[in-house]
Amino acid sequence: MWTAICAGFSLPAFLVTILLLAYPICISVYYSFTNKSLLGKAVKFVGFNNYVSVLQNPEFYHALWNTLVYTVISLSLQLFFGFIVALSLHKINRFKGMFRTLVLIPWAFPMIIVTFTWSYLLNGIVNAKLLHWNLIAQPIQFLANPKIAMLTVSLINVWFGVPLFAINILASLQTISRDLYEAAQIDGASPFQRFRFITLPFVRVVVGLLIILRTIWIFNSFDLIFLLTGGGPGTSTETVPIFAYRMGWTLYSLGRSSAVTILLLLFLTAACLIYFKILDHWEEEVA
């Protein structure tokens, strides 16, 4: 009886999961093996032709490289500055609640507000101030210059993502007993040694989980870059999600677009398996 009741309560959640997760994945896999088009052509099974077409397309590898660059810059700087912010907040004794609230502000804004605000700042106030201070001779096209556009959108993503690292690392830092630091200090351990042998082992599991989550989110990031540059100028900031969007909604080839998304899914799955392997090793060491 209790089994039937539990199953009844679980059924709505199970159906929602199927509708929101399993169905889109299954339909994408199906479309990736067909010539599905938004132009209304008859759907035919084409086997692996879409995958071959994508893997032979140099634009796909250019988009993949852009995605890797965007992910590495964003993730490494978010982790670095998130650690610094977390350590700083951990040392603050007065107005702790206020400073933690201020740190969360970037994460609280909707992405469309973030992109419009930064576009306005970079195209207006930032250039005006740099010109006023005689630091530049002419306005810098932060989002229109192919040489710096990727760095610009990556740094905006860093600003947006640092709070997530900072707050979670801070929560992990607060679980470390102060007695460990005091004992290490009495034994003559330097600040760097206390960080390496006490702080880092206690927080690295949390950091590992954050890296996994942010890798998935950044690699799949579409809205920030699309709203800031649309993948331009040219294709200098075109990542794999934007490339898939262009395949499906500009070139109307939903089959090839689905093939790109499945390749992206396989790549991220492989990356996550590596991450989880490392994470399991860290957890064994902590235990």
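**A chain of helices and its pockets**

Helices α6 and α8 are roughly antiparallel to each other, because an angle over 145 degrees counts as roughly antiparallel, under 35 as roughly parallel, 65 to 115 as roughly perpendicular and the rest as oblique. The axes of α6 and α8 cross at roughly 150° and come within 10 Å, where an axis is a line fitted to C-alpha atoms, for helices over the stretch in contact, and the angle runs from 0 to 180 degrees between N-to-C directions. The model is a predicted one, in which local features need pLDDT of at least 70 and side-chain atom pairs count only at pLDDT 80 or more, while totals for chains, interfaces and linings use all residues. Residues are numbered from 1 along each chain as its sequence is written, and side-chain values use heavy atoms, with hydrogens and water left out.

Seen as a whole, the protein chain has 11 helices and 0 strands, where helices (H or I, at least four residues) and strands (E, at least two) are DSSP runs numbered from the N terminus. The C-alpha trace of the chain spans about 75 × 75 × 35 Å along its principal axes.

On the α6 side of their contact (heavy atoms within 4.5 Å), the residues include Asn157, Leu164, Phe165 and Ile169, and on the α8 side they include Phe202, Val206, Leu210 and Trp217. By class, this contact has 12 nonpolar, 5 polar and 1 charged residues, where Ala, Val, Leu, Ile, Met, Phe, Trp, Tyr, Cys and Pro count as nonpolar, Asp, Glu, Lys and Arg as charged, and the others, Gly among them, as polar.

Helix α8 also packs against α3, with axes that come within 10 Å and cross at roughly 145°, and α3 passes α8 in a right-handed crossing. Among the α3 residues that meet α8 are Leu64, Leu68, Leu75 and Phe83, and among their partners in α8 are Phe195, Val203, Ile211 and Phe219. The contact of α3 with α8 holds 14 nonpolar, 5 polar and 1 charged residues. Leu64, which is placed in helix α3, touches Phe219 and Val240 when residues up to four places away in sequence are not counted. Between Leu64 and His281 there are 217 residues of separation in sequence and 29 Å in space, C-alpha to C-alpha.

A further packing joins α5 (residues 111-132) to α6 (residues 149-173), whose axes lie 11 Å apart at an angle of about 130°, and that angle makes α5 oblique to α6. The crossing in which α5 passes α6 is right-handed. Here Met111, Val114, Trp118 and Leu122 of α5 meet Thr152, Ile156, Trp159 and Phe160 of α6, a set made up of 7 nonpolar residues, 1 polar residue and no charged ones.

Two places in the loops deserve a look at the backbone. Asn134, in the loop between α5 and α6, has a positive phi of about 60° although it is not a glycine. Pro233 lies in the loop between α9 (223-228) and α10, and the peptide bond that leads from Gly232 to Pro233 is cis, with omega near -5°.

The pockets come last. On a 1 Å grid over the protein atoms alone, a pocket is an open set of points where a 1.4 Å probe fits, with protein on both sides within 12 Å along at least five of seven lines, and lining residues have an atom within 4 Å of a point. Grid points are joined across faces, edges and corners, and a volume is the space filled by probe spheres set on the points. The largest pocket holds about 470 Å³ of space, and of its 22 lining residues the closest to the centre are Asn220, Thr261, Ile262, Leu264 and Leu265. Helix α11 gives the most to this lining, with 11 residues, and the lining of the largest pocket divides into 17 nonpolar, 5 polar and no charged residues.

The second largest pocket holds about 390 Å³, and His90, Lys91, Tyr181, Arg194 and Thr199 are the closest to its centre of the 13 residues that line it. The elements that give two or more residues to this lining are α3 (58-91), α7 (178-186) and α8 (191-219), and the lining of the second largest pocket has 6 nonpolar, 3 polar and 4 charged residues.

Methods. Left-handed = near helix turned anticlockwise from the far one by under 90°.
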